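Thank you all for coming.

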Amino acid sequence: MLRFRALAACAALVLSTMLGSVAAEAAAGGRQETLFLGDYEPGTIVVFTGARQLFLVTGHERALKYDIAVGKPSEQWFGTSWVSKKRLNPIWVPTPSMREAKPTLPASVGPGPSNPLGKRAMNLGWGTYRIHGTNSPNSIGSAASAGCFRMRNADVEDLFERVHVGAQVVVLQ
């Protein structure tokens, strides 16, 4: 079943790339409505790390597609999780492994333009991974994070309003 889902999701990615936008994306950040073939319930988030895209399934064969940044190759993860918490204007606290790699990091960064989490954050499962905004929009489309999924602030604000705590998150290559 998982293999079928992965194949169907890959087909959705190819079709969405080929068909292009149904709605204007320029004013909405990188978000666009697209065809999506896959066996997922509406409200499910599907991430394709290789394509650096996140899909929010909205209905039968429909999804919103967002461009994202993903984890560095050594930090990427794959599998299923869920949105466990939603935070407005989050405070960023470096993880112990981040502090070990770079001891000069601040203890925390509050809301504002220098916050690496941007304007919204959605925690995934019980771990330290998140879907969040960014203070580095040029990183969108790259593999730059410590395993989180970065979005443009306008896009993460949009997704934040559409997603509920408990929503399933599927991360595929």
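Let me begin with a term: a residue is called buried when its relative accessible area is under 20%, exposed when it is over 50%, and partly exposed in between, using a 1.4 Å probe and protein chains only. What we have here is a predicted model, in which local features need pLDDT of at least 70 and side-chain atom pairs count only at pLDDT 80 or more, while totals for chains, interfaces and linings use all residues. Residues are numbered from 1 along each chain as its sequence is written, and side-chain values use heavy atoms, with hydrogens and water left out.

Thr49 sits in the loop between E2 and E3, where helices (H or I, at least four residues) and strands (E, at least two) are DSSP runs numbered from the N terminus. Contact here means heavy atoms within 4.5 Å, and, leaving aside neighbours within four places in sequence, Thr49 is in contact with residues including Val70, Phe78, Phe149 and Leu172.

Now to the sheet, where two strands pair if DSSP finds at least two bridges between them. Nine strands form an open sheet with mixed pairing, in the order E1-E4-E3-E2-E11-E6-E7-E8-E10. Strand E1 (32–35) and strand E10 (149–150) stand at the edges with a single partner strand each, so one side of each is left without a neighbour in the sheet. E2 and E3 are antiparallel and share four bridges, with Ile45 facing its bridge partner Leu56 in E3. Strand E6 (residues 79–88) is joined to strand E11 (residues 168–172) by four bridges, again antiparallel, and Trp82 stands opposite Gln168 there. E6 also pairs with strand E7 (residues 120–124) in the antiparallel sense, over five bridges, and Arg87 has Ala121 as its bridge partner in E7.

Which residues touch the most other members of the largest nonpolar core? A nonpolar core is a set of buried Ala, Val, Leu, Ile, Met, Phe, Trp, Tyr and Cys residues joined through side-chain atoms within 4.5 Å. In this core of 22 residues, they are Ile45, Leu54, Ile131, Phe149 and Leu159. Among the elements that give two or more residues to this core are E7, E11 and helix H3 (153–162), and H3 gives the most, with three. Leu159 touches, among others, Ile45, Leu54 and Ile131, not counting residues up to four places away in sequence.
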